[in-house]
Amino acid sequence: MEPIALPDWAALGPALVLAVTALLLFVVDAVNPRKTNRPLIAGTATVGSLAALAVAVWYLLAGVGTPTGEGGRGEFHIFGDPGQFVIDEMALFFMVVVAVVTAMVAVASYDYMHDHAYFASYYSLVLLAATGMATMAAANSLVTIFIALELASLPSYALVAILKDNRGSVEGGLKYFLVGALSSAVMVYGISLVYGATGHLQLEAIAEVIAAGDAEPYSGLLGLGVLMLIGGFAFKTASVPFHFWAPEAYEGAPAPVAAFLSSASKAAGFVIAFRVFTTALPIGDLAPMGIDWATVFVVLAIVTMTVGNFAAAVQENVKRMLAYSSIGHAGYALIGLAGFVGPGGSELVMSAAMMHLLVYGFMNTGAFLFVGLAEYWGVGRTFEDYNGLATQAPIACSALAVFMFSLAGIPPFGGFWSKYFLFTGALSVGSTAMIAVAAALVVNSALSLYYYSRLVKAVWIEDPVPGREGLSQPVGLYAAIVFAAVMTVAVLPGFGPIADAATSAATALIA
Amino acid sequence: MTVPVEYYVLLSLALFCIGLFGVLTRRNALMFLMSVELMLNAATINLIAFAFYHGNLTGQVFALFAMALAAAEVAVGLGIILVLYRNFRDVDVTVPSTMRW
């Protein structure tokens, strides 16, 4: 017996906590509009995101999502059964990713945005976007998916353009908005076509219609709809063919916002892609109709990782290099969908993609926050401007070295393990296409080592830029960077539980 | 006598293509926004026609949500276009090009 029985809707707890925190920030700012209490606002946002993290971890440990046969509490469905929202292990796993990235961004932004006029608006927008991303993790119907996606996107557009007098920020925001508006229109048209072919928007209901063969006469509509849905996901995850916005938006945006978008927003994009394609569009029934979406993802994965890494290799601007590398990592995570062959056989590759997104959440957020630190110091944006920073800020630069080697996938760090699992997972599927994907993964990782180590070399080996004054040590930025570095290293001994959680999440999703 | 659903789909497809054409050719950010609205409305027509065809209300309800979201998107978009104008003295989407690779 439970001492206190929570109602079913409380299963959506992490998202609700984030939403309440966002509203609380409005209240805090409205109490005294003439004066901004910066520590209180940043503190509220941080405590709120940490509370969401705690609730998500607590639910995971309490067995929400674990099948009842294994001593868990089973999946929770909200608004019907099967419902519009489902809280399973994958939803909680990605809520953890979103909440932890939000917490790091909230801490780091306190220093980065210290003299910004719209401090409270900034934090409310971050928390609202985080709410959207956490909701995306649990959305189980094309309606809730689209609404949650817009809830995550609309604040993001404003966040990128929040430095209103900075031309780069406004330009980045404009490009992000234009591509985003176009891709969401394409996606909602795709949703309408899938609805036309199946008559349902709820994911399990769509799968039932397809499995019964009732969608067979409309396979043309359905195929076009699926292709358009892929376009919507490609935008959110910054994959080819809707990746153009990423370099501009990340370069122009404030660095903490770039960290937030490239880690949390990308993870949220992947969670809806995983759920839609594995739950609603069973490959076994669709492939005979000519809608073989796994093959599309094979092509997208290879093209995305190649475009991202090759473009990153020729960048002179550090933030832009990280933006292209983020496109490359989207390509790695796409392997999870490319290797999908139905229940039995794809659990490993799908769980590897989830693990990669979690580890990426730490190492990539940390790397962008280091760029934020460099912008805070005002040292400049190119590789040469970063020369010799290690002599003045050894702690932050050690953390940077950890992030870079982990992103490249060098053995002692977390990034190695997730890439290793992706590689073995791709090989375990065994098809020729997946062997090509695995080969592309290795080649691209080797190439990425070149530009990641170039940054480490600039920071640690090159002579310092003459005339640079003593660099300050902003507490918030340092705390977030060091935390990200510690976690990037700590996931190494802790990889067993993470791998177990991801594997059981993937198994539950695919079954 | 009712109009067959195919005609609605053709109408929405035409509307979608007009919107897409506008997105690809217009340089004025406001015209771009209007073209995106056309594409969203094409989807709405589809949703309502299919809801009628399938005999359930799911599509109609989603159409209401889609319209509300479109309005919210325009609100954010106009805000961004406003700061664009303040910074660049123009709403031509090809003018801001400070970042190139």
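This note goes through the predicted model point by point, starting with confidence and numbering.

1. Ground rules. Residues are numbered from 1 along each chain as its sequence is written, and chains are lettered from A and ligands numbered from 1 in the order in which they are written. This is a predicted model, in which local features need pLDDT of at least 70 and side-chain atom pairs count only at pLDDT 80 or more, while totals for chains, interfaces and linings use all residues.

2. Confidence. The model has an ipTM of 0.94 and a pTM of 0.92.

3. Make-up of chain B. Chain B has three helices and zero strands; helices (H or I, at least four residues) and strands (E, at least two) are DSSP runs, numbered from the N terminus. Along the sequence the pattern of chain B is α-α-α.

4. Dimensions of chain B. The C-alpha trace of chain B spans about 55 × 25 × 25 Å along its principal axes.

5. Burial in chain B. Of the 101 residues in chain B, 38% are buried, where buried requires 20 or more other C-beta atoms within 10 Å of the residue's own, with C-beta atoms placed from the backbone.

6. The interface. In chain B, 33 residues are in contact with 34 residues of chain A; contact requires C-beta atoms, placed from the backbone, to lie within 7 Å. Helix 1 (5-25), helix 2 (29-54) and helix 3 (58-88) of chain B each give two or more residues to this side of chain B. Helix 3 of chain B supplies the largest share, 15 residues. By class, the side of chain B that touches chain A has 23 nonpolar, nine polar and one charged residues. Ala, Val, Leu, Ile, Met, Phe, Trp, Tyr, Cys and Pro count as nonpolar, Asp, Glu, Lys and Arg as charged, and the others, Gly among them, as polar.

7. A helix pair in chain A. Helix 5 (residues 142-160) and helix 6 (residues 167-198) of chain A pack at an angle of about 170°, with their axes 9 Å apart. Helix 5 and helix 6 of chain A are therefore roughly antiparallel, a term for angles over 145 degrees. Axes are lines fitted to C-alpha atoms over the stretch in contact, and angles run from 0 to 180 degrees between N-to-C directions.

Methods. Contact = placed C-beta atoms within 7 Å. Buried ≥ 20, exposed ≤ 12 C-beta atoms within 10 Å, placed from the backbone. Parallel < 35°, antiparallel > 145°, perpendicular 65-115°, else oblique.
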